[in-house]
Amino acid sequence: MIPGKELLFVALGGSGEIGMNVNLYGCQGKWLMVDMGVTFADPAYPGVEIILPDLQFIEEQRENLVGIVLTHGHEDHIGALPYLADDLGAPLFASKFTAGLIRGKLEEEGVQDRVALNVVEPNTVIDLGPFKFRFVPLAHSIPEASALLIETPYGKVFHTGDWKLDSSDAVLGTPSTPEQLEAVGDEGVFALVCDSTNVFNPQASGSEASVRDGLIDAVKKAKGRVVVTTFASNAARLQTLGEVAKASKRKICVTGRSLDRILTVARANGYLKSFPEPISPEAAMGLPGRDVLVVATGGQGEPRAALGRIADGTHPIKLVAGDTVVFSSKQIPGNELAIGRIQNQLAAAGVEMVTERQEHVHVSGHPGRPELEAMYGWIRPQLLVPVHGEMRHMMEQARFGLSKGIPQALVQNDGDIVRLAPGKPEKLGHAPVGRLMLDGDVILPADGATMNERRRVATYGQMSVAVAVDGNNRLVGVPQVKLQGVPVEEDREAFLDEAIDAAADAVRGNRGNLDSLRESVRLGVRRVATRWTGKKPVVDVLVIEA
C-alpha cells in the first residue's frame with residue numbers, strides 16, 4: 001500500500017507485544033520508519049536467542065522508505081539493524097551515543113560500509129520529503145533517549161519512544177524540562193504515540209538517585225562478595241553502581257561482553273567519566289570477598305550470560321555460601337522460570353539474594369500513571385495512539401488518556417494500517433507481519449519448517465533407520481537403527497531389536513517401489529516406538545541399493 005494524501009501509521013512490531021519495536025509513518029507516497037528492534041526467544045523456539053520482525057510490508061516498497069530514525073539504543077529498538085537495515089537501503093538517523101552502539105553492531109556483521117549512519121544533534125530539524133523531525137531528549141535508563149517530533153502536512157506527531165520523568169543527577173544526559181515539553185505542546189500536536197509499558201503502575205517510576213541509596217544499603221549489609229545483575233544497556237544503573245562501589249569501598253568488576261560495549265561507547269561519548277577502572281574477574285577472585293563488587297549480565301535468566309555461568313560454576317567468578325546476588329532489574333513477564341532456575345542454583349550454594357521485593361534496588365525506565373498524566377498535560381494532543389505494550393497495556397492507556405481529557409484514542413495492533421489524518425482516525429486494512437528467527441547465522445521464518453521440525457524432534461525424539469536392498473528390493477544384511485531422545489533407557493536393546501525386526505519385516509512385505517518401501521519402513525518402526533513409549537518420534541529412513 002502506497003500512502004496517498006494522508007498520514008498513515010503501521011506498527012510492524014511492538015504493538016500487542018513487549019519488544020521488537022518497528023513503527024512506520026506514511027505520507028504522500030513515502031514512509032518513515034521509527035526504530036527496528038528485536039525480542040528474545042522463549043522456550044517455544046529451542047536453540048534460538050533472537051527474534052526479528054518480518055519487514056515484508058516495507059521491503060516490497062523500499063524505494064519509498066526515506067529514512068530509519070532510532071529513538072535510543074536498547075536492543076528492542078535497534079537490535080534488528082545489523083541483520084535487516086542493509087536490505088532496506090535507507091539511511092539511519094540517531095543520536096551520537098545511539099549511533100556508537102549501532103556502529104559497533106554493523107561492524108560485527110560486516111555491513112558498516114553499506115548502511116548510511118547519520119548522527120543527529122538534539123533539536124536539529126531533519127527534512128526527509130514530506131516529513132520533518134527533530135529529537136526531543138527524554139529521561140530513560142540509557143543515555144540520549146529521545147522522543148521524536150514529526151512534522152507532516154497533516155499535523156505534528158509526538159512519538160515518545162521509551163521514557164520516564166527523572167531530573168536527578170543520576171540520569172546520563174539532559175532530558176527536556178517540563179517547560180520545554182509544554183513549549184512542544186504549544187506548537188500544536190495532533191497525535192501522541194506513547195509508551196504503554198507501565199500504565200498499570202499507579203506510582204511514578206521513581207528516580208535513579210533513590211536506587212543509588214538503596215543499592216548502597218544492600219551492598220554495605222553484605223558480608224562477602226556481591227554480584228549485582230542488571231540490564232546491560234542500563235548505563236544509568238552502571239553509573240550508579242560505580243558510585244555504590246566507591247561508597248562501599250569495593251573494587252568493581254564488570255563481566256559480560258554487552259556491558260563492556262556499553263561502558264566503552266558511553267566513555268567515548270563523554271559519559272561515565274567518573275566510573276572506577278574495572279578489575280578483571282581473575283583479579284576480583286584474588287581479593288577478599290568483602291572488597292569486591294561484580295556487575296554481571298543475565299538477570300533475566302539467560303543461561304549463557306554471565307550470571308547464568310556464575311550460577312552453574314562455569315564462570316571465573318565463583319560464589320560461596322554467604323555471598324550475595326542483587327537483582328537490580330525488573331522481572332520481564334515470561335522469564336519467571338528461567339530466573340527461578342538460576343535463583344534456585346544460587347540458593348542451593350548458600351548464596352543470599354536481594355530483589356526489588358526486599359530492597360529498593362530498581363526503578364523502571366517507563367512512565368507510571370502520574371508521568372503519563374503529566375505528559376498529556378504538556379503535549380495536549382488531539383489523538384492518543386498507545387504503543388509499546390501488550391493489548392491490555394494499550395487498551396488501559398487509551399482509557400486513561402480519555403479520562404484525562406484527550407479527545408480521541410485509537411488502539412491498533414501489529415499490522416493494522418491506520419489513517420490518522422485527514423478525517424476521523426480509522427483502520428484501513430492489514431499489513432503482513434510476523435517473526436523471523438536468527439538461528440546461528442541464518443535468518444528464517446520463526447514458525448517455518450525448520451522450527452517446526454526442531455519442535456517435533458524436541459517433543460517426540462528422532463530415529464534413523466538404514467536398510468540395504470538388492471536390485472529386486474530384497475533385504476540385504478540387517479537394518480541399522482539409531483535413536484535420539486526416544487524415552488527408552490534400561491530396555492533400549494530390546495526396543496532396538498524389535499525396531500530392527502519391524503524394519504526387516506517392512507522390506508520383506510513391500511511389493512512397491514523404493515518410495516513405497518521407505519514409507520513402509522518408517523511406519524513400521526514408528527508403530528514399535530508408539531507401542532513402547534506412547535510417542536510418535538520422527539523417523540528418517542535411508543535405503544541403500546547394494
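The lining of the largest cavity divides into 3 nonpolar, 3 polar and 2 charged residues, and I start there because rolling a probe the size of a water molecule over the atoms shows where empty space is left. Please keep in mind throughout that this is a predicted model. The residues around the largest cavity are Q239, G242, E243, K246, L272, S274, F275 and P276, and the space inside amounts to about 40 Å³. When the whole structure is searched for cavities of 30 Å³ or more, 1 is found.

Now a few words on the chain as a whole. Its secondary structure comes to 16 helices and 27 strands, and its C-alpha atoms fill a box of roughly 85 × 65 × 45 Å along the principal axes. Of the 546 residues, 54% count as buried. If we take the contacts with a separation of 6 or more, 71% of them are between residues 24 or more positions apart.

Next, the sheets, and here I will describe two of them. In one, 7 strands form an open sheet with mixed pairing, in the order β9-β10-β11-β12-β13-β19-β20. Why is one side of β9 and of β20 left without a neighbour in the sheet? The reason is that β9, residues 126–128, and β20, residues 408–409, stand at the edges, so each has a single partner strand. For β9, 3 bridges make an antiparallel pairing with β10, residues 131–137, and within this pair I126 stands opposite F133 of β10.

Helix α13, residues 391–403, lies across β13, β19 and β20, and runs at about 155° to β19.

The other sheet is also open and is formed by 4 strands in the order β4-β5-β23-β24, with antiparallel pairing. Which strands are at its edges? They are β4, at 39–40, and β24, at 442–445, each of which pairs on one side only. Further in, β5, covering residues 50–53, is joined by 4 bridges to β23, residues 435–439, and these two run antiparallel. If you want a position to look at in that pair, P53 has R435 of β23 as its bridge partner. Helix α3, residues 81–88, lies across β5, β23 and β24, at about 25° to β5.

Is N473 buried or exposed? With a relative accessibility of 17%, N473 counts as buried, because the cut-off for buried is under 20%. Leaving aside residues up to four places away in sequence, N473 touches V507, G512, N513, L514 and L517.

Methods. Residues numbered from 1 in each chain as written. Predicted model: local features only at pLDDT ≥ 70, side-chain atom pairs only at ≥ 80, totals over all residues. Heavy atoms only, no water. Pairing = 2+ DSSP bridges. Contact = heavy atoms within 4.5 Å. Axes fitted to C-alpha atoms, helices over the stretch in contact; angles between N-to-C directions. Buried < 20%, exposed > 50% of the residue type's maximum accessible area, 1.4 Å probe, protein only. 1 Å grid on protein atoms, 1.4 Å probe; cavity = no way out; pocket = protein on both sides within 12 Å on 5 of 7 lines; lining within 4 Å. Points joined across faces, edges and corners; volume = space filled by probe spheres on them. Nonpolar A, V, L, I, M, F, W, Y, C, P; charged D, E, K, R; others polar.
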